[in-house]
Amino acid sequence: MGGAVRRPPAALARRIRRATHAHGAGESGLGKLIELHAVNAAGDMLITVALASTIFFSVPTAEARGRVALYLLVTMAPFALLAPVIGPLLDRIPHGRRAAMAAAMLARALLALTLAGAVATGDLELYPAALGVLVSSKAYGVVRSAVVPRLLPPRISLVRANSRVTLSGLLATGAAAPVGAGLHQLGPAWPLYGAMALFVLGVFLSFSLDHKVDSAKGEARVRLGPAHLPGRGEKAPRPGLRTVGAPVRNGLVANSCVRALSGFLIFFLAFLLREEPLAGMSAAVSLGLVAVAAGTGNALGTAIGAWLKARGPEVIIATVLACALGATVLAAAFYGTPTVATVTATAGIVQALAKLSLDALIQRDVPEEVRTSAFARSETLMQMSWVVGGAIGISLPLVGTLGMSVGAAIVAVGTLTAVRGVLLSSRRGTPHPRVA
């Protein structure tokens, strides 16, 4: 009887292991990173479930805009710390990538325990602990992005590898959400206890990664400043995101606009649909429809990225910008339930594919010795764009057609600025064989 009970979980574990280790990912070490990222995403989801009723979603209507503005500032803080401090700090420990990831996991395990004692009462330590969780989570994400090229199997491109890692996180998030809801029924602290257990597991999984993760040498900081040619007697500048060429720069512009659109839609539609639900729906159902469409689009975009083959990141970025522009213009011209669902789903797909392509460009074009800081800087820019988009969404009058027109204008800026440069750089340059 005991063997029969153990057999289904064991069979499921074997299937998961085969999926994560397929196409050479097991031999290269990418499979273990995929599993680690799934644990990371599940732990973050449990913390989100625990905090949902205390920080983000139990905001009275009269105080909503002020509280959401405060939330934007709180989410901005981790990235303000991430770029100037965490990125260069991680750059200085090139042989400690696994230790850095383990430290991020351990920090969140301890912070989850702290949150468990404060979540029920809403004590003041809830907010700095939640901020610490965000900082640790983003630090892990920066290191994870930087090590993917070192674990790349011969048969998998960078875009596909990034997609597989991200998809594992999305699947784990979807699985953890109902588990967190069930644990929440036992008490508000129980999802945090579950998160703590997952992050402790993540500590051990971090150290189980292949030693190639710690192989970088001669790390240095990256900067976002303009390129500067050294004069006589001057030292050559350190490589930065703007000194590696047009593809990364144009990818950053495109992703900034896409991320701004995402932040704008989240906050504008959250307030608009609360006051003016979609036809025939309540406010809760309208918000649920938008959330499901956005989540489905994000998962679909990640899945598409996992299966893309003969397409370089430049072509993907140009394509998704065109799709986003078309969807927002359509929603502005014919505002209603179908177009709102379409534009939110498209925004999810576009954001996932654009981010995967930007990661591939940085992994391809930025020197390895400064890649960690490059990811930190790019993540800072992406989050700043998201916050700016959200701030625009909060400040606008709650008129659907006006909001979708502003969304279209945001995407149009990125399309006009980046697409021509992206396509030209794609034609003139030689695509990296492991990216295309």
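Before anything else I wrote down the angle classes: under 35 degrees counts as roughly parallel, over 145 as roughly antiparallel, 65 to 115 as roughly perpendicular, and the rest as oblique. Axes are lines fitted to C-alpha atoms, for helices over the stretch in contact, and the angles run from 0 to 180 degrees between N-to-C directions.

Ground rules next. This is a predicted model, where local features need pLDDT of at least 70 and side-chain atom pairs count only at pLDDT 80 or more, while totals for chains, interfaces and linings use all residues. Residues are numbered from 1 along each chain as its sequence is written, and side-chain values use heavy atoms, with hydrogens and water left out.

**Whole chain.** I looked up the elements and got 14 helices and zero strands. (Helices are DSSP runs of H or I with at least four residues, strands are runs of E with at least two, and both are numbered from the N terminus.) I also checked burial: 51% of the 436 residues count as buried. Buried means under 20% relative accessible area, exposed over 50%, and partly exposed in between, with a 1.4 Å probe and protein chains only. For contacts (heavy atoms within 4.5 Å), I took those between residues at least 6 apart in sequence, and 84% of them join residues at least 24 apart.

**H9 and H11.** Which way do H9 and H11 run relative to each other, parallel or antiparallel? Their axes are 11 Å apart and the packing angle is about 30°, and H9 and H11 are therefore roughly parallel. I noted a left-handed crossing for H9 and H11, which is the label when the near helix is turned anticlockwise from the far one by less than a right angle; clockwise would be right-handed. On the H9 side I found Pro247, Gly251, Ala254, Asn255, Val258 and Leu261, which meet Glu314, Ile317, Leu321, Ala324 and Thr328 in H11. The contact of H9 with H11 splits into seven nonpolar, three polar and one charged residue. For those classes, Ala, Val, Leu, Ile, Met, Phe, Trp, Tyr, Cys and Pro are nonpolar, Asp, Glu, Lys and Arg are charged, and the others, Gly among them, are polar.

**H12 joins in.** H11 passes H12 in a left-handed crossing. The H11 residues making this contact include Ile317, Ala324 and Thr328, and H12 brings Val343, Leu353 and Arg364, among others. I count the classes here as 15 nonpolar, four polar and two charged.

H9 (residues 246–275) meets H12 (residues 337–365) too: the axes come within 9 Å and cross at roughly 150°. So H9 is roughly antiparallel to H12. Their crossing is left-handed, and the contact of H9 with H12 has 15 nonpolar, five polar and four charged residues.

**Two single residues.** Leaving aside neighbours within four places in sequence, I saw Thr415 in contact with Leu321 and Leu325.

Last, Ala197 in helix H8 (residues 190–207). Ala197 is partly exposed, at a relative accessible area of 47%. Ala197 and Ala109 are 88 residues apart in sequence, yet 7.2 Å apart in space, C-alpha to C-alpha.
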